[in-house]
Amino acid sequence: MVFTENAPSGNNDKKESSNLPPILDHKSISPEYITGLCEGEASFTYIRNGRHVNLRFGIKLPETDKNLIFLLQGYFHAGNLYRIEDGGGSWYFCVTKLDEIGNIVQHFDKFPLLGRKSVAFQIWRQMYQLKVADSTGNREVLNGLAERLSGLSRKGRRRQANGCSYCRSKPKR
């Protein structure tokens, strides 16, 4: 079962608030911490929708780290949160809107990834730039970049065919 929640506004109903952990203030967290967390846990990916390539930024964390997922949404001012029932339960933060993906790109331009994931980000960033420059994108170049990005992941080809299973459906409001 997948459902979404908006970032807490301090006005949660009683049923919700009793289940929510204390939320860190996204203004008090260092950008370097965000980059490090994403280096280890985030994905820079895409899905195909017919002939279109749609970018995705996502991070999945266990229920015990729910406060970090809310923190990320507040920090980036973007995305949706999905609760996933997968045994112990987990949370998925997914950014799909191109203007919100711009927030992600700006962050990693200022606070760059230093590990292996930096290669995936650079390809993904090029895809973003193509999409912004032309909403249809240069399909040949975009498809070539998508193939390169998929090649970096062991599960790349399967993900490419199936899309993002967490954010395929529209979030509930």
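Trainee: Which residue in E5 is the bridge partner of phenylalanine 57?

Mentor: This is a predicted model, in which local features need pLDDT of at least 70 and side-chain atom pairs count only at pLDDT 80 or more, while totals for chains, interfaces and linings use all residues. Residues are numbered from 1 along each chain as its sequence is written, and side-chain values use heavy atoms, leaving out hydrogens and water. Strand E3 is antiparallel to strand E5 (residues 90–95), with 6 bridges between them, and two strands pair if DSSP finds at least two bridges. In E5, phenylalanine 57 is bridged to valine 95.

Trainee: How many bridges join strand E2 to strand E3?

Mentor: Strands (E, at least two residues) and helices (H or I, at least four) are DSSP runs, numbered from the N terminus. Asparagine 49 stands opposite histidine 52 in E3, and the hairpin of E2 and E3 has 2 residues between the strands, with glycine 50 at a positive phi near 65°. E2 (residues 42–49) and E3 (residues 52–62) run antiparallel, and the number of bridges joining them is 8.

Trainee: Which residue in the turn of the E4 and E5 hairpin has a positive phi?

Mentor: E4 and E5 pair in the antiparallel sense over 5 bridges, with asparagine 80 bridged to cysteine 94 in E5. The hairpin has 5 residues between its strands, and the residue in the turn with a positive phi, about 90°, is glycine 87.

Trainee: How many of the residues of E4 are buried?

Mentor: Buried means under 20% relative accessible area, exposed over 50%, and partly exposed in between, using a 1.4 Å probe and protein chains only. Asn80, Tyr82 and Ile84 cover one side of E4, Leu81 and Arg83 the other, and all are buried. E4 is therefore largely enclosed by the rest of the structure, the count of buried residues being 5 of 5.

Trainee: Where is histidine 77, whose phi is positive?

Mentor: Most residues other than glycine have a negative phi. Histidine 77 has a positive phi near 50° and is exposed, with a relative accessible area of 57%. Its place is the loop between helix H3 (66–76) and strand E4 (80–84).

Trainee: At roughly what angle do the axes of helix H4 and helix H5 cross?

Mentor: Axes are lines fitted to C-alpha atoms, for helices over the stretch in contact, and angles run from 0 to 180 degrees between N-to-C directions. The axes of H4 (residues 98–110) and H5 (residues 117–133) come within 11 Å and cross at roughly 140°.

Trainee: How many nonpolar, polar and charged residues make up the contact of H4 with H5?

Mentor: Leu98, Ile101, Gly102, Ile104, Val105, Phe108 and Asp109 in H4 meet Phe121, Trp124, Arg125, Tyr128, Lys131 and Val132 in H5. Ala, Val, Leu, Ile, Met, Phe, Trp, Tyr, Cys and Pro count as nonpolar, Asp, Glu, Lys and Arg as charged, and the others, Gly among them, as polar. The contact residues divide into 9 nonpolar, 1 polar and 3 charged.

Note on methods. Contact means heavy atoms within 4.5 Å.
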